[in-house]
Amino acid sequence: MSLILFAFVVRVRDGLPLSASTDFLHNKELQERKQQLKVISKSLCSLPERGTVKGHELNIHFLSSEGVSYMTVCACSLPAASAFCFLEDLRWEFTACFDNSAVALASRPYPFLEFDSAIQKLQQHYNQKGGPSLEVTLAEVWEDLRTSPPQFLTMEDVALTNGAANGHVEQTAASGQSQRLEPVSAPGILSLILNIMCAALNLIRGVHLIEYTFQDDYDGLWNVVAFLLAFLCCVCQCHLYLFHTCQKKLKSFTLLTIIILCNAFLFGLRNIWQLAFHMSVACLSMLLTLHRKLLDRNMDCGV
């Protein structure tokens, strides 16, 4: 079995694929690792020069130098020194063929696809010989890794780094997957309609009471506040159902509590059936919000 299964060369500043080895295998974990390579490539500006992402049977190793990152998917049984020695050799081969200006001017994916033959040749040598021809080179890499080991990362770390770099810290992805909410269901649409209705009723009653509050020396000021606060909470419940956010459970319970307290305070201005309606809509909205899960969408590596 081959120990080095895939190699990938990308530009660091934007993750543009420059070249890659041809893949003839249909291993499920290999396809997952290739998908994760694209996620990592988008975060290289914020990652260390050398890193390793461990998997069940396959590991990802990457080495960045002079604006180009060299990445590989290897079997877990391959020593880290051999993997990084392969990446060093790959770096030397690539820099001998293409200079920095050619890399900087590249505007389309895989502009150096002809480099595939060099990658395949180097892969074949390592898979057959188990390492470089010069033992001193391997020894030097071992020593370098001992004094300055690569950083071990998880895909959660990479996704968080990628999200922070793009201003979307909340929208993190796990294991190479982007996250989105499930489609809005029929009960969800009903909940939104009822919530909008409750919000409108609260706003109308609150605005209507403002006129009487000014005439009665602000005796009903707190009733106005309760109506308007309930209106804002209904709007927030709609937003919480429609859009993904962190700490959704805490926010949902907080909004529900405020709506219940506001309606309890308005007892007298509303009868028991009206209060039960508003509280029931708020509870339904909270339950549907908590049960609307994230939908995983696999990201295509494009290799």
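Which residues of helix 4 are buried? In this predicted model, local features require pLDDT of at least 70 and side-chain atom pairs count only at pLDDT 80 or more, while totals for chains, interfaces and linings use all residues. Residues are numbered from 1 along each chain as its sequence is written, and side-chain values use heavy atoms, with hydrogens and water left out.

The buried residues of helix 4 are D116, I119, L122, Q123 and Y126, where buried means under 20% relative accessible area, exposed over 50% and partly exposed in between (1.4 Å probe, protein chains only). Viewed down the helix axis, these residues fall within an arc of 130 degrees, so they line one face of helix 4; the arc is that of the directions from the helix axis to the C-beta atoms. K121, Q128 and K129, on the other side of helix 4, are exposed. Cover for the buried residues includes strand 1 (4-11), strand 2 (17-20) and helix 2 (80-97). Helices (H or I, at least four residues) and strands (E, at least two) are DSSP runs, numbered from the N terminus.

A nonpolar core is a set of buried Ala, Val, Leu, Ile, Met, Phe, Trp, Tyr and Cys residues joined through side-chain atoms within 4.5 Å. This core has 28 residues, and V9, L18, F86, L90 and F94 have the most contacts inside it. Helix 2 gives the most, with eight residues. Beyond its neighbours within four places in sequence, V9 is in contact with residues including L18, L90, F94 and I119; contact means heavy atoms within 4.5 Å. A second, separate core of 22 residues includes V10, M71, M155 and V158.

S64, found in strand 4 (residues 58-65), counts as buried because its relative accessibility is 11%. The side chains of S64 and S69 are joined by a polar contact of 3.1 Å, that is, a pair of N or O atoms within 3.5 Å; within protein, one must be able to donate a hydrogen and the other to accept it, and residues adjacent in sequence count only if both atoms are side-chain atoms.

For the protein as a whole, the secondary structure comes to ten helices and eight strands, and 43% of the 303 residues count as buried.
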